[in-house]
Amino acid sequence: MSEILVVVDHIGGAVRKTTAELLTCARRLGEPSAVYFGAEDGLIPGQLARYGATKVYVLDDDAYRDCLVAPKAEALAHLVATRRPAAVLIPSTLEGKEVAARLSIKTDSGLVTDASDIVRGEDGAVETAKPVFGGAFTTTVSITKGTPIVTLKPNSLTPPENAGATVPIEVETVDVAVSDAAKAARIIRRESRADLGRPDLAHASIVVSGGRGTGGDFDAVEAFADCLGAAVGASRAAVDAGWYPHALQVGQTGVTVTPQLYVASGISGAIQHIAGMRSSRTVVAVNKDPDAPIFGLADFGVVGDLTSVLVQATTEIDSRRASGA
Amino acid sequence: MNIVVCVKYVPATADRRFSAVDITVDRAGVEGTLCELDEHAIEEALRITEADEGEVTVVTVGPEEAADAIARGLQMGAHKGVHIVDDALHGSDAAATSLVLAAAVRRIGYDIVLCGMASTDGAMGVVPAMLAERLGVPQLTLASQVTVEGGTVTIRRESDTATEHIEASGPLVLSVTDRSNEPRYPSFKGIMAAKRKLVETWSPAELGIAPEVGPEAAGTRVSAFAARPARTGGQIVSDEGEGGVRLAEYLVAQKLV
């Protein structure tokens, strides 16, 4: 069966959920081999085997950590040239998309970014679903040139549990001589964001966001998010006002989210915001303006003051849980 | 320091649709504009050359009307423009666009190639990385802050999990986000001055790359498109004192909590 390369999204060895989604897609196309950038001692191969990886390539070089994008693209081009995979699947992170972009030029291959699904088309080509124009349309895009390269958005599908092979996974160390040219953009300092004890925004299955309507007070938004085990996001208006960090901005120029549940509180629903959350499965809106465009997208909406509504909802859910209801 | 800013002419947000003929972005009769994210790139280029010296060239690949995008850049203060126009370019993908842009910026000459973070229509955000790959120069992309000292450029980039400070020496490709600066509005003086600035029109053939662009050369084929169905049956309630309870009930009924 043809080999499909899947780039592993991980933080210090802890595999992120997107990787399982990528491996699930890869199994539809062929036999998934994971590509792991990082030190081998952090790797837990079982995390990858569980979702169908039969092999993992481990690539460990300072350049992958200390330089921007180019070294990883070079390494993947090496794997494409030597292993001749039938496709390369990459997480749709900022870095992932840029790695994919460079790889597509190096290998003269077709590229789809931000896909929401990947299948084998009737004509045998790799076929993707891709939302465009801020999610207003979904296109079907086939890749017709070279080694198909796809980046997949987080939360695109639910990976089946224990779908993977039970055979032991093969671990192969690959050394690629990274060129000096690829090391030209050097990361001289990296500041990790404070861990807020909440799920990662882009990957969270529930997101509660606050906007202008919070007036800068995110207490009710955060308490409701914590009650639901959700990530907290913010609209551009709230970020521009300095109420919330830009890293947590949901929207076209911020983070695109595709959770099971998106709660927009005090957010009117500007196009730029909708582009970042339109593909959410269920949308709930709380806003005091009954004419806010966000209600046009909402599966459930409450017209009212967000603080009193969210505080009451938090109390209600807590008390239902306490009573075991 | 000479800077080439790559900009895109995009359909106005409200008018985005697909052509039923060839499933490319339908531009016929659609009002267009300079992509607002590219204004940040023009602004950054102007700031760098104002602090130092050098010339800013605005370049675009697109139909006749895309000249408006260049004009806007010149009104903001860029020194000259290059418009690469050809019917064969219709339906080109990001790889082809980067091929044409790479040839153009090589011909213009540059210390920095500056781009916006993405276009607001295609929104892939991959052209800057592709350009760096094709030009064989360092990429400093998605900068929320730019510092230029001598020949060294340092940026701040918000990655998925951390804030990174990245450094490279020119010539290089730089892209900036909408957090990087506040683009200026063209002044009356700027608008008048722009009318006298030089805009050259080139064809891909002149750049020696005609056969490699357009939909046939693309690495992907769009076979279908569908408008996302409008959400229907959304239930909107008014908070009469029990809105939070109603919300909790909804989430429980939907098995979301």
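The model shown in every view is a predicted one.

**View 1. Helix α6(B) and its surroundings.** The buried residues of α6(B) are B:G243, B:G244, B:R246, B:L247, B:A248, B:Y250 and B:L251, and the elements that cover them include β17 (282-287), β18 (300-303) and α9 (306-322) of chain A, together with β13 of chain B. After α6(B) comes B:K255, a residue whose phi is positive, near 60°.

**View 2. The contact between chain B and chain A.** In this view 60 residues of chain B are in contact with 72 residues of chain A. On the chain B side, two or more residues each come from α4 (127-135), β7 (139-149), β9 (162-169), β12 (220-227), β13 (235-238) and α6 (243-253). The residues on that side of chain B comprise 27 nonpolar, 19 polar and 14 charged ones.

**View 3. Strand pairing between the chains.** Strand β13 (residues 186-192) of chain A pairs with β9(B) in the antiparallel sense, over six bridges, and A:S192 stands opposite B:A162 of β9(B).

**View 4. The two domains of chain A.** Chain A is divided into domain 1 (3-183) and domain 2 (206-322), whose centres, taken over C-alpha atoms, are separated by 32 Å. Eight residues of domain 1 of chain A are in contact with nine residues of domain 2 of chain A, and the side of domain 1 that touches domain 2 has two nonpolar, five polar and one charged residues.

Key
Residues numbered from 1 in each chain as written. Chains lettered and ligands numbered in written order. Predicted model: local features only at pLDDT ≥ 70, side-chain atom pairs only at ≥ 80, totals over all residues. Contact = placed C-beta atoms within 7 Å. Helix = DSSP H or I, 4+ residues; strand = E, 2+ residues; numbered from the N terminus. Nonpolar A, V, L, I, M, F, W, Y, C, P; charged D, E, K, R; others polar. Pairing = 2+ DSSP bridges. Buried ≥ 20, exposed ≤ 12 C-beta atoms within 10 Å, placed from the backbone. Domains from an automatic or database assignment.
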